[in-house]
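The report that follows goes from the chain as a whole to single elements and residues. Please keep the sequence and the coordinates at hand while reading.

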Amino acid sequence: MSAQHSILLVGESNVGKTHYGAQFLKRLMVESCALKRNGAATNLEAFTTALSCLADGKATDHTPASTYVESVWPIKDDAGRTAELVWPDYGGEQVRNLVKQRRIPAAWRERVLATTDWVVLLRLHSLRAEDDLFSRPLQAFAGPETKEVTEYESSDQARTIELLQMLLYLAQLNLDRKLRKPRLTVLLSCWDELETSELPEKLLAAMLPMFWSFIRSNWQSPTVMGLSALEKALSKTESNEEYAIRGPEEFGYVILPDGKKDKDITLPIQRLMAEPA
């Protein structure tokens with residue numbers, strides 16, 4: 001039997017990790033997807049809480065910044081291939097702090113070393129598009145000598161690249177050649193709010209050209225997909241009647257690399273499992 005996959009999901013705050021996890025879990029529970037449970041999952045509290053909110057047609061709260069609870073789900077596909085799907089339930093601010101402080105907690109270090117696949121969630125709609133030192137020539141930032149000097153913050157794009165660089169360093173990978181492992185999938189979350197018919201890869205290349213160039217230079221076959229875990233915006237206080245009546249498992253979709261829309265939001269993970277670990 002081939003080696004088992006260990007798939008790590010990473011994303012900053014407000015990218016929809018918990019909502020995606022809750023919807024993914026619901027699909028597994030009602031067996032309406034390409035994957036099945038392959039044993040008992042650990043630490044499901046955050047996702048079951050989110051599922052309760054979604055069942056009432058409401059969005060769930062964000063994970064507190066200080067939280068780090070690792071949830072591991074054993075899964076399998078119809079061909080008998082198995083994987084551990086690792087959902088680190090953490091405040092997304094922790095990801096920012098990894099880059100800002102240049103320090104990686106032991107819990108992150110151990111997990112990164114053990115994984116065969118990385119899934120990075122990006123929410124393009126909420127990323128800052130300001131120019132930074134990487135996207136404009138240095139002279140563009142030159143001003144009068146009397147101008148007050150202020151601290152300059154890297155763009156979201158530059159910070160996301162730096163996060164991947166830290167993970168690559170942590171994984172002790174040789175970058176002399178493009179990487180085959182860990183495989184990289186980028187999920188463009190909250191796809192519904194983008195209101196576009198563009199292919200995910202082309203949209204990422206257009207909106208985050210430096211990030212796209214980085215992953216293309218370092219990975220042999222990075223995959224980009226769109227993800228709408230909820231399919232529509234939900235309020236934290238007012239119930240969406242359609243959600244409550246039909247059930248959250250009836251909502252959500254992915255946009256595959258070729259632009260096709262599919263209701264099975266587990267497909268990004270199933271596709272990773274289809275490749276040798």
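The chain exposes about 14300 Å², of which carbon and sulfur atoms supply 47%; accessible areas come from the Shrake-Rupley method with a 1.4 Å probe, and for residues only the protein chains shown count as cover. This is a predicted model, in which local features need pLDDT of at least 70 and side-chain atom pairs count only at pLDDT 80 or more, while totals for chains, interfaces and linings use all residues. Residues are numbered from 1 along each chain as its sequence is written, and side-chain values use heavy atoms, with hydrogens and water left out.

Of the 277 residues in the chain, 47% are buried, where buried means under 20% relative accessible area, exposed over 50% and partly exposed in between (1.4 Å probe, protein chains only). The chain has nine helices and nine strands, which are DSSP runs numbered from the N terminus (helices H or I, at least four residues; strands E, at least two). Among contacts with a separation of 6 or more, 77% join residues 24 or more positions apart, a contact being heavy atoms within 4.5 Å.

Strand 1 (residues 5–11) is largely enclosed by the rest of the structure, because seven of its seven residues are buried. H5, I7, L9 and G11 point one way from strand 1, and S6, L8 and V10 point the other way. Strand 1 pairs with strand 5 (residues 117–122) in the parallel sense over five bridges, pairing requiring at least two DSSP bridges between the strands, and the bridge partner of L8 in strand 5 is W118.

| Residue | Place | Relative accessibility |

Leaving aside neighbours within four places in sequence, T116 is in contact with Q4, H5, S6, K181, P182, R183 and A277. V30 and E249 are 219 residues apart in sequence, yet 8.2 Å apart in space, C-alpha to C-alpha.

The axes of helix 5 (residues 156–170) and helix 7 (residues 209–218) come within 8 Å and cross at roughly 20°, the axes being lines fitted to C-alpha atoms over the stretch in contact, with angles from 0 to 180 degrees between N-to-C directions. Helix 5 and helix 7 are therefore roughly parallel to each other, a term for angles under 35 degrees. The contact is made by Q157, A158, T160, I161, L164, Q165 and L168 of helix 5 and by P209, M210, F211, F214 and I215 of helix 7.

Key: Parallel < 35°, antiparallel > 145°, perpendicular 65-115°, else oblique.
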